[in-house]
Amino acid sequence: MYAAVVVDIPARALSEPFAYAVPAHLADDMAVGCTVLVAFGHRPALGYVIALAPAVSELPGAADLDEARVRPIEAILSPPVCSEFAGPVSLWISREYVAPLSECLRLFLPPGGTPRLRKDEDGSYRLERPAVPEVHERVVSLCPQAADYEPPVRATRQRQLIEALSCGPVTTRELNLLYTDMSPAIRALERRGVVRVDERRAWRGCDDGTTLSSARAAAPARLTSGQREALAAIEGAIDAHAGDVIVVDGVTGSGKTEVYLSAIDRVLALGKSACVLVPEISLTAQTVGRFRSRFGGTVAVFHSRLSAGERLDQWDMVRTGAARVVVGARSALFCPLANLGLIVIDEEHEQSYKQGSSPRYHAREVAAHMARVGGFPLVLGSATPSAEALARCRAGSHLGQTWRRVEMPERPGASRLPEIVVADLRREFSQGARSMFSRPLYDALMEVVQRREKAVLLHNRRGFAPFLMCRECGCVPTCDHCSTALTYHERTHTLECHTCGAVYHVRPYPAPGSACPRCGSRYLAKMGMGTQQIEDALVAMLPDDVEVIRMDADSTRGKDAHKRLLEQFDAAECAVLLGTQMIAKGLDFPEVTLVGVVLADYALKMPDFRASERAYDLLEQVSGRAGRGEHPGRVIIQTYLPDDPVIRAVATHDRAVLVDHEAKQRREALYPPYVRLTNVLVRGSYEREVQRYIGELARLVSDGLERAAAGLPEDARPFIMGPTSCVIERAKDSYRHHFIVKSPIGFDVSSVIASALDTVGARRGISVSVDVDAYDLM
Ligand code: ADP
Ligand code: ZN
Ligand code: ZN
């Protein structure tokens, strides 16, 4: 027997597994997933077995190896620890995203850090895992003899204990909390054989109690027709075993979560397990509570706020089979669920599914690959599906996998989509108004106060890069070549395009001679205003008995700050919740009747070709917070750009307006989903060196692309844009330059870049990151 072993040395050159022989005395214990000791060069190394085969030539990536030169595995250091997908999927991620194989495999390893190799005194090696102690709890239960036992008349404690246990086992901790010090009574009854005490592993991280009523999810009496259709499509895909992708395209509040819950019910009944990904930001007590209230103790949860002990316990719950449903952020994909039968990705369009550091995988693509390998369905849910998902559904398939869209256009029951009002700030400006609240928004806030209801105000400045805008006509200067918004540089008085490198000179307001390129107005000015400024204005404007709660990166630093602020909003009689995009998603408060967007234009004019898609998602999501209860909701969007297709699409609840406009623009300007876009970023302390290195790399990639594309027609060839400086030109004392590769769908751009990197080699003081299917281009 032979094994393909990933040697744990993170260097780009080691992107293939190595072949080792399995000696006879290890054969019985050998399995895919084992940690092993191997000789690598002249030193001992730790490795993971990702495949086994009777011949070297049948191992992945080892076809050319000479069987006679293969060395034996020296020892097994631990039994399998990871998911059955670890081998094939880490190989795929490594190739697809140009990342070291050992780094990709680490995604699948138990939490708590990478284990190390330690040499004992006798010269043997063992595995040292980071120490996170397990905790145990003691559970008291009644024995059959209890039926015949009559406690002494004055033994009140014993009576209480028997009473407390009559409904089932209880932990000693809970008993002692309920009745201070129950220990003597437990000991007395244990001696008599009336109760027994068992020690078992305690799972930390399962207790996230909340007062939010919306955290419970009783199954509805009837599914809506949209829900039934979506469920039927998923069930069909379960039965087909073909790894189909179902996109559940449902408006906010249409009951997508209920579809996931019902589908998971089906999968569990088949004896399989399910994995649900939700964006980190919506991994709140509310979402988790809905899954736990339906599936109880079989739900494990992964998010970034877990302590090391909680993370380990949640992982072990999955590994031991105690949990069969996992809810978590993107990394939950890699936990060791046995017999996986369904993956759900909620809010599929969310950017947080793309990992920002190496390996820069996209959870949607990894999940699609896993569905294909495992032959089970992948369900993608969204009110605003990504351009990628929509294009693949339109085509019916993508890379040989079936993609199908099911629509859920209505909310259940009496709940309606809110009315949308667009407040044109150009008009307010021309009428002399200088307040940050337009007349319509001011009036609506006052009505909410009068009716003692609640309002949500969004002020989003994520990914904010300074730009110029004409206060009279709303014009934002864009690049002549790339049609993305230009970034304003105060130091040099320039507008710059960070996709192609073009530079334009400007004099913004209040400099004399400032002029809007479209209407000539002199009010072409820099944009800027923070959440705290708005909070101050709100507090000054609203009566004292209205609570103003601000939620942004600063006010949510503490461990439970996010939850506490939401509970405060929930408990308030009349309140305004003001916040950044973190309030836009997932909140379900029926008393919210007004949603205000303080300035939509930040989102619309990010220097990024996906700006419109993201802005639409944000506006649609935040609008969806209004009118979820009996009272109808209203949304007021303030903007200088009322004619933007995004604003028109949101205002009319008609996504087609935007989708058609976007599809045309992206097809013409060659942007995803019509091409693939790879961002290659180089950083270093000396700008000259960075420029020299990236120039060399770009030339090699360009040559490689030309060779690889030799047979392709002229208009389907990959090409490079740049190199140029990034939108964020300097960070942490490093200069940042990048170039972008555009390549046709299905073209293997990864191996071209990987081989160019091998040729230039690593250089001191220079770091390179390759981001295939990049989202962050800044
Ligand atoms: P989405 O995830 O699509 O935004 P949710 O799953 O949060 O929507 O559902 C919105 C609300 O509608 C929730 O309060 C949910 O309990 C309720 N709901 C879902 N399905 C039904 C149904 N079939 N009948 C009645 N209420 C439902
Ligand atoms: Zn103008
Ligand atoms: Zn440009």
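Analyst: Helix 1 and helix 10 are oblique to each other. Oblique is the class left over when angles under 35 degrees are called roughly parallel, those over 145 roughly antiparallel and those from 65 to 115 roughly perpendicular. Here the axes of helix 1 (residues 86–96) and helix 10 (residues 363–374) cross at roughly 140° and come within 11 Å. An axis is a line fitted to C-alpha atoms, for helices over the stretch in contact, and angles run from 0 to 180 degrees between N-to-C directions. Helices (H or I, at least four residues) and strands (E, at least two) are DSSP runs numbered from the N terminus.

This is a predicted model, in which local features need pLDDT of at least 70 and side-chain atom pairs count only at pLDDT 80 or more, while totals for chains, interfaces and linings use all residues. Residues are numbered from 1 along each chain as its sequence is written, chains are lettered from A and ligands numbered from 1 in the order in which they are written, and side-chain values use heavy atoms, with hydrogens and water left out.

On the side of helix 1, P88, V89, W92 and I93 take part, and they meet E365, V366, H369 and M370 of helix 10. Contact means heavy atoms within 4.5 Å. Sorted by class, this contact holds six nonpolar residues, one polar and one charged. Ala, Val, Leu, Ile, Met, Phe, Trp, Tyr, Cys and Pro are nonpolar, Asp, Glu, Lys and Arg are charged, and the others, Gly among them, are polar.

The largest nonpolar core has 91 residues, and I93, I343, L697 and V701 have the most contacts inside it. Such a core is a set of buried Ala, Val, Leu, Ile, Met, Phe, Trp, Tyr and Cys residues joined through side-chain atoms within 4.5 Å. Buried means under 20% relative accessible area, exposed over 50% and partly exposed in between, for a 1.4 Å probe and protein chains only. I343 touches C275, L333, A367, M370, F376, P377, L378 and V379, leaving aside its neighbours within four places in sequence. Another core lies apart from the largest one; this other core has 45 residues, among them I420, L599, L604 and L618.

Between strand 15 (340–346) and helix 10 runs a loop that contains E347. This residue has a positive phi of about 50° although it is not a glycine, and with a relative accessibility of 10% E347 counts as buried. D773 shows a positive phi too, of about 55°, and is likewise not a glycine. D773 lies in the segment after strand 33 (766–772), and its relative accessibility of 19% places it among the buried residues.

G243 brings a second pair of helices into view, for it sits in the loop between helix 6 and strand 11 (245–250). G243 is buried, with a relative accessible area of 0%. In sequence G243 and A368 are 125 residues apart, yet their C-alpha atoms are 7.7 Å apart in space. Not counting residues up to four places away in sequence, G243 touches A371, R372, G375, F376 and Q401.

Helix 6 (residues 225–240) packs against helix 7 (residues 256–269) at an angle of about 35°, and their axes are 10 Å apart. This crossing, too, is right-handed. Helix 6 contributes Q227, A230, L231, I234, E235, I238 and D239, while helix 7 contributes E258, V259, S262, A263, R266 and V267. By class, seven of these residues are nonpolar, two polar and four charged.

Two cis peptide bonds complete the account. The bond from Y509 to P510 is cis, with omega near 5°, and P510 belongs to the loop between strand 24 (503–505) and strand 25 (524–526). The bond from G722 to P723 is cis as well, with omega near 0°, but P723 is placed in strand 31 (residues 719–731).

Terms used: A crossing is left-handed if the near helix is turned anticlockwise from the far one by less than a right angle, and right-handed if clockwise.
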